[in-house]
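Biologist: Hi! Could you walk me through this structure while I have it open?

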Amino acid sequence: MFKQLIEDAKSIAQRDPAATSVLEVIFLYSGFHAVCFHRIAHWFYNKNMRFIARFISQMSRFLTGIEIHPGAKIGKGLFIDHGMGVVIGETAEVGDNCTIYHNVTLGGTGKDKGKRHPTIGNNVLISTGAKVLGPFKVGDNSRIGANAVVLSEVEPNTTVVGVPGRAVRREIRR
């Protein structure tokens, strides 16, 4: 787990133009701290120690302003930039090397049972204030615009904006 956290910090330092070093990320980035807490809480969650997992999650929320349910699956290299107000639900899945800005919600649409939160592909950018709600997939290399409300599947390599979210550009990768 420690090796993965160092790799996460390196990934953030490489992608954030404001970062001056990996040590800065480790000591000063609340998004990195939230991911660290999540990895510990997720371990307890998977061992069916749900109370301690939720306790760690809530302490992380108190300290960082970022709420990641311990059941959520988070890939490597997640960069939560200016993370205050980020909420990631229990059945959400976030792929590798994603970037999430402040006030983003990866949530459900009601009290459904089972999978009720989105699955985010690899290399996805979710801009400030976006709400991605429901049990669908956001394809690899997609971008979600600021304050967009996304309620349905997003194809890979697509930019989505607006309320409700609509595709405005689809890049063809060769």
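Modeller: Happy to. One term to begin with: buried means under 20% relative accessible area, exposed over 50%, and partly exposed lies in between (1.4 Å probe, protein chains only). This is a predicted model, where local features need pLDDT of at least 70, side-chain atom pairs count only at pLDDT 80 or more, and totals for chains, interfaces and linings use all residues. Residues are numbered from 1 along each chain as its sequence is written, and side-chain values use heavy atoms, with hydrogens and water left out.

Biologist: Thanks! Where is phenylalanine 51?

Modeller: Phenylalanine 51 sits in helix α4, residues 50-64; helices (H or I, at least four residues) and strands (E, at least two) are DSSP runs, numbered from the N terminus.

Biologist: Is phenylalanine 51 buried or exposed?

Modeller: Exposed, with a relative accessible area of 71%. Phe51 and Phe62 are exposed residues on the face of α4 turned away from its buried side.

Biologist: Which residues of α4 are buried, then?

Modeller: Those are Ala53, Ile56, Ser57, Ser60 and Thr64. They cover an arc of only 100° around the axis, so they lie on the same side of α4; the arc is that of the directions from the helix axis to the C-beta atoms.

Biologist: What do the buried residues of α4 pack against?

Modeller: They pack against α3 (30-46) and β1 (67-68), where contact means heavy atoms within 4.5 Å.

Biologist: And what comes just after α4?

Modeller: Glycine 65, which takes a positive phi of about 80°.

Biologist: Switching to α1: which residues are buried there?

Modeller: Leu5, Asp8, Ala9, Ser11, Ile12 and Ala13. The buried residues of α1 pack against α2 (22-28), α3 and β3 (79-81).
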